[in-house]
Amino acid sequence: MAPNVGSTPSENWETQVRKGWLDLVILASLWKEKLYGLDIIRRLEAHSDLLLSEGTIYPILGRLKRDGLIDSEWVESDAGHPRKYYWLTPSGRRRAAAMARYTKTFFARIDSLIEPVLAKEER
Amino acid sequence: MSHPEEVQQKIDAYLMQLRRSLGELPPDEVSEILKEIRGHILERAEASGELTEERLVAILKALGSPEQIAPLYQADALVARARSSLSPRVVMRGIHRWSTLSAWGFVLFVLGVVGYATGAALALTGLLKIFAPSQVGAWVGPHAFFEIGVINDPTAHDVLGWWLVPLGLVGGPALILATTRVLRWTLRFARIRRPTTA
């Protein structure tokens, strides 16, 4: 049997939640400019703790590309090795916008629901 | 930028292991992946100034082991290919990959095995009927409720007769095709573990 990479009983809910947000934050990080893998990783590092191991980002980029949401191109760099740059396709832009809007509304609604829990904890 | 030999060896060993773990993917995809991961390691290494073995171990650890990363590529790539393929082999590989990830995948894997096996058996029976009409049939009798195939029971009689030939030769492949269609359709939902970003 292949190694388990998905949800397992031992994998906690936090891991699951983090994984779920990766698509959105990756698309969002490409909103303004072309970036290569490590660029995206650095951005995620700076703004969130979503990334568990850095290597997981590359398969996700591959899948987003297969789904037509992003495109990529190898660019020679001064670093001595080429970098693979990614950018949003028009359909990726639409998806990122829709996901961002959905997230915003979603959290606004959830916020009011979890309010009592947080209020109680603070007390 | 050149690195101490043992450090270079460690990078090569990591990439070799990743290549091995990616085995099932097409070679051009594999080399593309290795090129990208290699770039990642080298760039992280350069950013860290002098690259010691210790530093490299930390970089590789942050990246994740080849055994951790490779299945992520395979799950996605195999499922993606299966989704657009008519070949039972490719479809079943995608389903099999999925079946290692979720209970639904496993149910579909079993369904696939049953569907394809039944389809193949039906087609084979239809074909065999042509060559051994008296032994192959759809039998009904005291000891056989409705058995399609070869039977060693003189009390049973063949209810379909020659109809078994067109039925098997058309029905078998049709069932195989239907199985492929159903499995491919279900593969569209193979990313059920990303509910928050659907």
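The paragraphs below go through the confidence of this predicted model and then through a helix pair and a sheet in chain B.

For the model as a whole, the scores are an ipTM of 0.80 and a pTM of 0.65. Chain A has a mean pLDDT of 84, with 81% of its residues reaching 70 or more, while chain B averages a pLDDT of 84, with 94% of the residues scoring at least 70. Within chain A, confidence is lowest in helix 1 (residues 13–29), where the mean is 80, and highest in strand 3 (residues 83–88), where it is 97. Residues 1–10 of chain A have a pLDDT below 50, and beyond near neighbours in sequence this stretch has 16 contacts in the model. Where pLDDT is low, the predicted coordinates should not be read in detail.

Turning to chain B, helix 5 (residues 88–99) and helix 6 (residues 103–131) have axes that come within 7 Å and cross at roughly 150°. Because angles over 145 degrees count as roughly antiparallel, helix 5 of chain B is roughly antiparallel to helix 6 of chain B, and the crossing between these two helices is left-handed. On the side of helix 5 of chain B, the contact is made by B:Pro88, B:Met92, B:Ile95, B:His96, B:Trp98 and B:Ser99; helix 6 of chain B contributes B:Gly105, B:Phe106, B:Leu108, B:Phe109, B:Gly112 and B:Tyr116. Sorted by class, this contact of helix 5 with helix 6 of chain B comprises eight nonpolar residues, four polar residues and no charged ones.

The sheet in chain B is open and consists of three strands in the order 2-1-3, paired in the antiparallel sense. Strand 2 (144–150) and strand 3 (157–158) of chain B stand at the edges, and each has a single partner strand, so one side of each is left without a neighbour in the sheet. The pairing of strand 1 (residues 136–141) with strand 3 of chain B is antiparallel and runs over two bridges, and B:Val140 stands opposite B:His157 of strand 3 of chain B. Helix 6 of chain B, already described as the partner of helix 5 of chain B, also packs on this sheet, where it touches strand 1 and strand 2 of chain B. The direction of helix 6 of chain B makes about 100° with that of strand 1 of chain B.

Notes: Residues are numbered from 1 along each chain as its sequence is written. Chains are lettered from A and ligands numbered from 1 in the order in which they are written. This is a predicted model: local features need pLDDT of at least 70, side-chain atom pairs count only at pLDDT 80 or more; totals for chains, interfaces and linings use all residues. pLDDT is the predictor's confidence in each residue, from 0 to 100. Helices (H or I, at least four residues) and strands (E, at least two) are DSSP runs, numbered from the N terminus. Two residues are in contact if their C-beta atoms, placed from the backbone, lie within 7 Å. Axes are lines fitted to C-alpha atoms, for helices over the stretch in contact, and angles run from 0 to 180 degrees between N-to-C directions. Angles under 35 degrees count as roughly parallel, over 145 as roughly antiparallel, 65 to 115 as roughly perpendicular and the rest as oblique. A crossing is left-handed if the near helix is turned anticlockwise from the far one by less than a right angle, and right-handed if clockwise. Ala, Val, Leu, Ile, Met, Phe, Trp, Tyr, Cys and Pro count as nonpolar, Asp, Glu, Lys and Arg as charged, and the others, Gly among them, as polar. Two strands pair if DSSP finds at least two bridges between them.
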